[in-house]
Amino acid sequence: MSLNAAPEISFSSEQGKANYEAAKRRYPAQAIVDLAALRDNMRHLVDVVGGAHSGTAVMGVVKADAYGHGLLPAALAALAGGATWLGTAQAHEALTLRKLGIGPDRCRMLTWMYNGAQVPFDELIANDIDVSVGSLAGLDRLSCAARQVGKPARVHVKVDSGFGRNGFTEENFDEALARLALLAREGALDIVGQWSHLAVADAPDVPEFVESTDRQIERFNDFTRRMEAAGLAPRIRHLANTAATLSRPEIHFELVRPGIGLYGYEPDPAMGTPAKYALRPAMSLQAQLGTVKDVAAGHGISYGRTYLTDGRTSTAIVPLGYADGIHRSASGFDMAGAKHMDKPGGPVRVMTTDGPRLFRVSGRVCMDQFILDLRGSAAELGVHEGDTVELFGPGRGEAFAEPTADDWARAADTISYEIFTCLRSRIPRLYLHASDVFGPADLSRLDPATLL
């Protein structure tokens, strides 16, 4: 009998169960997304800013395929939770959402990342999608497209308050204001908003970074004063990311842009755990074990022999690798191996006959698989090929044999954002609680084969 280390799934129907079995036949790993968690996280974020009538709207940031959770399902869940804006970095994602039926009567959309020479500004304007502009060249191209479409472009003026990435600088802002004023009078541009991005709002434990955020806020306010003096007072200002939404109420302004918070994580473990902020991780990643076998003491594991078994043991193959988005930097080494150092690999929850246990990536992560040293006999542990193991989920952490994306981020020396967004599309995305979250119209927009 195969064992299951992942939570038991409450299927919505027999078809949901059949979809799950079909996904396992198609691929030996699955990313399961709880749509109710996404909705509830957004509801909570709306409450954080004072509710639906507070004067502060909430944008669900669904860029990068909704941080790997799936663009359309996550967008619909964010709207179900009370978001009135959606944000995508790339223009094609905003256009995709419009084409899939999320019209301007339902929510506003903002997009901000593009190649100014080739971006389909005309399509964005025609589809009533707001566009960020932070360069003079961008202003010229956007206004040209607006003239061609015969409709003003809705613009959010991006200012560089200290992040050093996109946006007008303090030095070139006067020239930008003059151009903006001219184009606004012409009717080519509708100056809707002003926005910027915070660099270190997720580091409340570092006094220097707190001061840096304070300086960014003051610069942002100065940009506002300069816009007002030019007769271009923005109707909507937005500066707060997830970190500032949760910890800086003074800059909620008219709109906040939580990203990682929608998906149930805090921006940085320095801020605490998701539970501290009443957030619930929405994604679980599981896989079915491949080969399970016994090996001798001193047996090399994976490329480079960076891990040698310290006694007779059993190993198990997890059929996920860096081609799936499992970071090679989450490999595990031991002192006996070629690197002569101990480095814990990524954690995996495995069910045994004595209950769940945590094992770690042993040796290097390969393209399509990695290996677990079970540190004992698989027969005695009750571990078999085909068992379902969990890489991460909405658990309490490694100490409870319930690994999270934060735990994988530590093992890979990265952040939870990258853990999610690197997961490749060949891993099926499956969705829980769709019928509890969506009405018939939104349900009909989803692929029925993905619903559990």
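Select Phe11 first: with a relative accessibility of 27% it is partly exposed. Here buried means under 20% relative accessible area, exposed means over 50%, and partly exposed is in between, using a 1.4 Å probe and protein chains only. Phe11 and Tyr20 make a tilted aromatic pair, 5.6 Å centre to centre with 50° between the planes. Rings of Phe, Tyr and Trp (its six-membered ring) pair if their centres lie within 6.5 Å; planes under 30 degrees apart are stacked, over 60 edge-to-face, and the rest tilted. In the whole structure, 11 aromatic pairs are found.

A word on the model before moving on. It is predicted, so local features need pLDDT of at least 70 and side-chain atom pairs count only at pLDDT 80 or more, while totals for chains, interfaces and linings use all residues. Residues are numbered from 1 along each chain as its sequence is written, and side-chain values use heavy atoms, with hydrogens and water left out.

Select Tyr67, Tyr263 and Tyr417, which ring pairs link into a cluster. Next, show Lys158 and Trp195: Lys158 lies over the face of Trp195, 4.2 Å from the ring centre. Then show Arg237 and Phe253, where the charged end of Arg237 sits over the ring of Phe253 at 3.9 Å from its centre. A charge sits over a ring if NZ of Lys or CZ of Arg is within 6 Å of the ring centre and within 35 degrees of the ring normal.

Select residues 71–80, which are α4. Helices (H or I, at least four residues) and strands (E, at least two) are DSSP runs, numbered from the N terminus. How many of the 10 residues of α4 are buried? Nine are, so α4 is largely enclosed by the rest of the structure. Among the buried residues are Leu71, Leu72, Pro73 and Leu79. Just after α4, Gly82 has a positive phi of about 110°.

Now look at the largest nonpolar core, which has 130 residues. A nonpolar core is a set of buried Ala, Val, Leu, Ile, Met, Phe, Trp, Tyr and Cys residues joined through side-chain atoms within 4.5 Å. The residues with the most contacts inside this core include Leu86, Ile102 and Trp408. The element that gives the most to this core is α4, with eight residues. Apart from this core lies another, of seven residues, among them Ile9, Tyr20, Ala23 and Leu430.

Select Ile102 and its surroundings. Not counting residues up to four places away in sequence, Ile102 touches Leu72, Ala75, Leu76, Leu79, Leu86, Leu97, Cys107 and Met109. Contact means heavy atoms within 4.5 Å.

**Helix α5**

Select residues 91–99, helix α5, whose buried residues are Ala91, Glu93, Ala94, Leu95, Leu97 and Arg98. These buried residues pack against α3, α4, β3, β4 and α6. After α5 comes Gly101, with a positive phi near 105°.

Select Ala66, in helix α3. Its phi is near 55°, a positive value in a residue other than glycine. Is Ala66 buried or exposed? Ala66 is buried, with a relative accessible area of 0%.

Go to Arg305, in the loop between β11 (292–295) and β12 (313–318). Arg305 is not a glycine, yet has a positive phi of about 50°. Arg305 is partly exposed at 47%.

Select Leu232, in the loop between α9 (207–229) and β8 (236–238). At 8% relative accessibility, Leu232 is buried. Leaving aside neighbours within four places in sequence, its contacts include Leu177, Leu180 and Ile191.

Select Ser416, in helix α13 (residues 416–421). Ser416 is buried, with a relative accessible area of 3%. Beyond its neighbours within four places in sequence, Ser416 is in contact with Ile260, Tyr265, Ala405, Asp406 and Ala409.
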